[in-house]
Amino acid sequence: MLLVTSIIASVLTIIFIKLSFAVIGLRRKNKCGLGSGGHDDLERAIRAQGNFAEYVPFGIILIACLELNGAPWWLVAIPGIALIIGRLIHAVGINEPPPDFSKRILGMKFTFATLITLAILNLGWTLYKLVG
C-alpha cells in the first residue's frame, strides 16, 4: 500500500493545480494564449508551474519506490514533506520580481537536497533489504 505516497502526491497535485490556475488567470488577464507575450508576471508563473512539473515527478517516483520497498512510514514522510516545502518556497520565490532570488534559491536547495536524499535512501534501503 502506498498510503504516505498517496497523501504526498495529493498535496503536490493540489499545489500544481493552484500554479496552473495562476497561469490561466494571467493568460486571460494579458490576453495571451501561448507563451508569455513579454509579460514578466506571466513568464514567472509559467516557469513556476513548469519547474514544478519538471522536478516533482522524480520525487514522487522515489518516494513511492521507498514506500513500496517497505521503508518505515516516517522515512517516506520526511522527504515527502521536505519536497512539498521546497516546491512551495520555490513557487513563492520565482513569482517575486528580480533581483531577490533568495526564496527561489532556497526552494531549489530544498528540492535538490530532497531528491539526492531520496536517491541515497532508495539505494541504501535496497542494499539493506538485499543484505539484511
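Colleague: Leaving aside its neighbours within four places in sequence, which residues is Leu 12 in contact with?
Modeller: The model is predicted, and a contact here requires heavy atoms within 4.5 Å. Once the neighbours within four places in sequence are set aside, the residues in contact with Leu 12 are Phe 52, Val 56, Ile 60, Leu 83 and Ile 84.

Colleague: Which residues touch the most other members of the largest nonpolar core, and which element gives the most to this core?
Modeller: The largest nonpolar core has 20 residues, and the two that touch the most other members are Leu 12 and Leu 66. Two or more residues of this core come from each of α1 (3-30), α2 (40-68), α3 (73-94) and α4. With 7 residues, the element that gives the most is α3.

Colleague: In what order do the elements of the chain run from the N terminus on?
Modeller: The chain has 4 helices and 0 strands, and its C-alpha trace spans about 60 × 30 × 20 Å along the principal axes. Read from the N terminus on, the order of the elements is α-α-α-α.

Colleague: Among contacts in the chain between residues at least 6 apart in sequence, what percentage join residues at least 24 apart?
Modeller: Buried residues make up 39% of the 132 residues in the chain. When contacts between residues at least 6 apart in sequence are taken, the part that joins residues at least 24 apart is 67%.

Colleague: Is Thr 111 buried or exposed?
Modeller: Thr 111 is found in helix α4, and, with neighbours within four places in sequence left aside, Thr 111 is in contact with Tyr 55, Leu 83, Gly 86 and Arg 87. The cut-off for burial is a relative accessible area under 20%. The relative accessible area of Thr 111 is 0%, so this residue counts as buried.

Colleague: Leaving aside its neighbours within four places in sequence, which residues is Gly 86 in contact with?
Modeller: Gly 86 lies in helix α3, and because its relative accessibility is 0%, Gly 86 counts as buried. Gly 25 stands 61 residues from Gly 86 in sequence, and their C-alpha atoms are 24 Å apart in space. With neighbours within four places in sequence left aside, the residues in contact with Gly 86 are Gly 107, Phe 110 and Thr 111.

Colleague: Are the planes of the rings of Trp 125 and Tyr 128 such that the pair is stacked, edge-to-face or tilted?
Modeller: A search of the whole structure finds 3 aromatic pairs. In the pair of Trp 125 and Tyr 128 the ring centres are 5.1 Å apart and the planes stand at 40°. Planes under 30 degrees apart would count as stacked and planes over 60 as edge-to-face.

Colleague: Is Tyr 128 buried or exposed?
Modeller: Trp 125 and Tyr 128 both lie in helix α4 (residues 102-131), 3 residues apart, about one turn of the helix. Trp 125 has a relative accessible area of 16%, and therefore counts as buried. The relative accessibility of Tyr 128 is 52%, so Tyr 128 counts as exposed.

Colleague: What is the value of phi of Lys 31?
Modeller: Lys 31 lies in the loop between α1 and α2, and because its relative accessibility is 76%, Lys 31 counts as exposed. Most residues other than glycine have a negative phi. Lys 31 has a positive value, near 50°.

Colleague: What separates the C-alpha atoms of Pro 57 and Pro 98, in Å?
Modeller: Pro 57 is found in helix α2, and its relative accessibility of 37% means that Pro 57 counts as partly exposed. Pro 57 and Pro 98 are 41 residues apart along the chain, and the separation of their C-alpha atoms is 27 Å.

Colleague: How far apart in space are Val 11 and Lys 103, C-alpha to C-alpha?
Modeller: Val 11 has its place in helix α1, where its relative accessible area is 32%, so Val 11 is partly exposed. Although Val 11 and Lys 103 are 92 residues apart in sequence, their distance in space, C-alpha to C-alpha, is 20 Å.

Key. Residues are numbered from 1 along each chain as its sequence is written. This is a predicted model: local features need pLDDT of at least 70, side-chain atom pairs count only at pLDDT 80 or more; totals for chains, interfaces and linings use all residues. Side-chain values use heavy atoms; hydrogens and water are left out. Rings of Phe, Tyr and Trp (its six-membered ring) pair if their centres lie within 6.5 Å; planes under 30 degrees apart count as stacked, over 60 as edge-to-face and the rest as tilted. Buried means under 20% relative accessible area, exposed over 50%, partly exposed in between (1.4 Å probe, protein chains only). A nonpolar core is a set of buried Ala, Val, Leu, Ile, Met, Phe, Trp, Tyr and Cys residues joined through side-chain atoms within 4.5 Å.
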